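Here is a short report for a reader who is new to this structure. Please look over the sequence and the model before reading on.

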Amino acid sequence: MSKELPEFFINLNLPMELSNVERKKYLQKIRIIKHLYFNGANTNTDICNTFNISLPTSMSLLNQLVADDLVAKQGRGESVGGRKPDLFGLKENSFFVMSIHIERFQIQLAILDNTHQVLFEKNIRTIISKDFDIVNVLHQHATELIAESDINSDKLMGIGISMPGLVSSEDGKNFTYFLKDHQPQNLQSEFETKFNKPVAILNDAKSACLAEFRFGLAKNKNNVLVLSMDWGIGLGIIMGGKLHMGSSGFAGEFGHIPLVEDGALCHCGKRGCLETVASGIALVKKAKDGIVAGQHSILKEMVNDDLDNLEPSVIIEAANRGDQFAINVLSEIGINLGKGIAILIQIFNPELIILEGKIAEAKQFITTPIQQSINTYCMIQLKERTDISLSKLGKNSSLLGATVAIMDHIFKQQITAAKAQLN
C-alpha cells in the first residue's frame, strides 16, 4: 500500500508530542470512524456498547470528532423510555473512494462518498484479455472521471478494483488476465505507483460477497454463499462469520467444477465446466443457436437482426415480455445452476444463498428452475435448512465490495500504526 497518509486522517491530528492518553484517544476515534463508515449513524450508547467504553468517554470522543468537522448529528434514534437520543454519523463528503469493476466486456468506474452513494460514474465498453494494458487504460479513465467530478482529490482515500479471474489480493496479482510475458503483473503495486493512492484488488465474486456481508442480506450471518451470475459464474464464501479466501486466495471457483462429460471447451482450458452451461455466456450462446436453428422469438427483432448485440439483459427483457423461447432458455440455465447449487448446499450446509448479478435480474424465470433442480438433486434435510434469496443491493454490489476492500485495508493500516505509537 502507498505510505501517503490520506488527508482525512491528517485532519484527526496526531502530533508526535502527544501523550500516551491522547494517542489512545486517537486510536479510539479511528475505530469509531470505521464503525460509522460501515454501519451508518449510531447513538452514543451504541458506540459505548460496541467499544466497551464509558458513556462520558464515548460522548467526549464523538464531540471531538464533531469539532474535527468529521462527524455530525444526523437526527434522533429510537427512544428506550426517555427522550430520543442523538444519532451521530460521518459528515457528508468527508472523503471519497474510487471503485472500479472490471467485467469481460465492460469496465465500470465510480466515485462514492463516505455514505456509500455513487456520485459519479463512467462505463467503458471493451474486451479484456491477457495482454490488455489495464494499468494505463484504468489510470486514463479514472483521471478523467476525477477531473469531471471536480472533487478534491486530496479527499480521495484510495481505489478498490474488482475483476474476474484467479485473483490473489495478498499478492496483488491476477493469474488469469493482464499478463506480461505470460506472467501475472503486480497490479496493486503498478496501480499505486500510477495513482499515488492506496489500492486493493480482488476477485469480482468476492467483491460482491463483501458487499453482501457488510451491507446486504449476509450482514451478521455466519455461513452464507453469494453466487455471482454474470457472464461467468463466481462464488463468495462466508464461513464462520468471515470471508473464506483459501490458501492461495482462489476459493470459490464454482464456475469451473466439471458438470458435463465431454462438454464444450471452457475458456479455462477444461471441458464441461458449469460455466459452459450455466452462465451469461452460455445463456447468450443457447439463444443464438436457437435463433439460427429457426426458433421463433422476438429476440431477433430486439437486436435488429444483429445477434452480436445479444446480451443477458435483452433475453431477460424478452422473457418479461412473454417470449416463450427466452423463458425456456433461462429455464435451462436455471436447471444447470440448480445442479451446481445442490452440490454447494451438501458441501457447505449454508444458512443462506444469495443470488446476484445480471442473471439474477431474471428473478422468477431463473429462481423457479433453480429451486426445482435443487429439489431434485439435493438431500431434503439440507435444502430445507437453506434459504435462497435474490440480492437487494442492485447492480452496484461489486462496486460496493471494492470500496469495502480498500477501506478495510486503509483502516487496518491506520489502526496498526496508531497501536504501534502507544507506549
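The model is predicted.

**The sheet**

Five strands make up an open sheet. Their order is S15-S14-S13-S16-S17, and the pairing is mixed. Strands of a sheet pair through backbone hydrogen bonds, either parallel or antiparallel.

Which strands stand at the edges? They are strand S15 (242-243) and strand S17 (387-390). Each has a single partner strand, so one side of each lacks a neighbour in the sheet.

Take strand S13 (residues 224-229) next. S13 and S14 run antiparallel and are joined by six bridges.

Strand S14 covers residues 233-239. It also runs antiparallel to S15, with two bridges between them. Ile238 faces Leu243 of S15, and Met239 faces Lys242 of S15. S14 and S15 form a hairpin too, with two residues between them. Gly240 sits in that turn and has a positive phi of about 65 degrees.

Is S14 enclosed or open? Six of its seven residues are buried, so S14 is largely enclosed by the rest of the structure.

**The salt bridges**

Side chains of opposite charge can pair when their charged atoms come close. The structure holds 14 salt bridges.

| Pair | N to O distance |
|---|---|
| Asp68 and Lys29 | 3.4 Å |
| Arg125 and Glu311 | 2.8 Å |
| Arg214 and Asp408 | 3.0 Å |

Start with Asp68 and Lys29, which form a salt bridge. This pair links distant parts of the chain, 39 residues apart. Asp68 lies in the loop between helix H4 (55-67) and strand S2 (71-76). Lys29 belongs to helix H2 (residues 20-39). Lys29 is buried, because its relative accessible area is 7% and buried means under 20%.

Next come Arg125 and Glu311, whose side chains meet in a salt bridge. Arg125 is in strand S6 (residues 118-125), and Glu311 is in the loop between H9 and H10. The pair therefore ties together parts that are 186 residues apart in sequence. Arg125 counts as exposed, at 57% relative accessibility. Glu311 is partly exposed, with a relative accessible area of 23%.

Arg214 and Asp408 also meet in a salt bridge. They link distant parts of the chain, 194 residues apart. Arg214 lies in helix H7 (residues 204-215), while Asp408 lies in helix H14 (residues 397-420). Arg214 is partly exposed, at 23% relative accessible area. Asp408 is partly exposed as well, at 21% relative accessibility.

Salt bridges can also form a network. Here, one links Lys73, Arg76 and Asp86.

**The negative patch**

Which residues gather in a patch of negative charge on the surface? They are Glu301, Asp305, Asp306 and Asp308. Asp306 lies in the loop between helix H9 (299-302) and helix H10 (312-320). Glu311, the salt-bridge partner of Arg125, is in the loop between H9 and H10 too. Asp306 counts as partly exposed, because its relative accessibility is 32%.

Key:
Residues are numbered from 1 along each chain as its sequence is written. This is a predicted model: local features need pLDDT of at least 70, side-chain atom pairs count only at pLDDT 80 or more; totals for chains, interfaces and linings use all residues. Side-chain values use heavy atoms; hydrogens and water are left out. Patches are made of residues with over 30% relative accessible area and no salt bridge: like charges are joined within 9 Å, nonpolar side chains (Val, Leu, Ile, Met, Phe, Trp, Tyr) within 5 Å. Accessible areas come from the Shrake-Rupley method with a 1.4 Å probe; for residues, only the protein chains shown count as cover. A salt bridge is a side-chain nitrogen of Lys or Arg within 4 Å of a carboxyl oxygen of Asp or Glu. Lys and Arg count as positive and Asp and Glu as negative; His and the chain ends are not counted. The place of a charge is taken as NZ of Lys, CZ of Arg, CG of Asp or CD of Glu. Helices (H or I, at least four residues) and strands (E, at least two) are DSSP runs, numbered from the N terminus. Buried means under 20% relative accessible area, exposed over 50%, partly exposed in between (1.4 Å probe, protein chains only). Two strands pair if DSSP finds at least two bridges between them.
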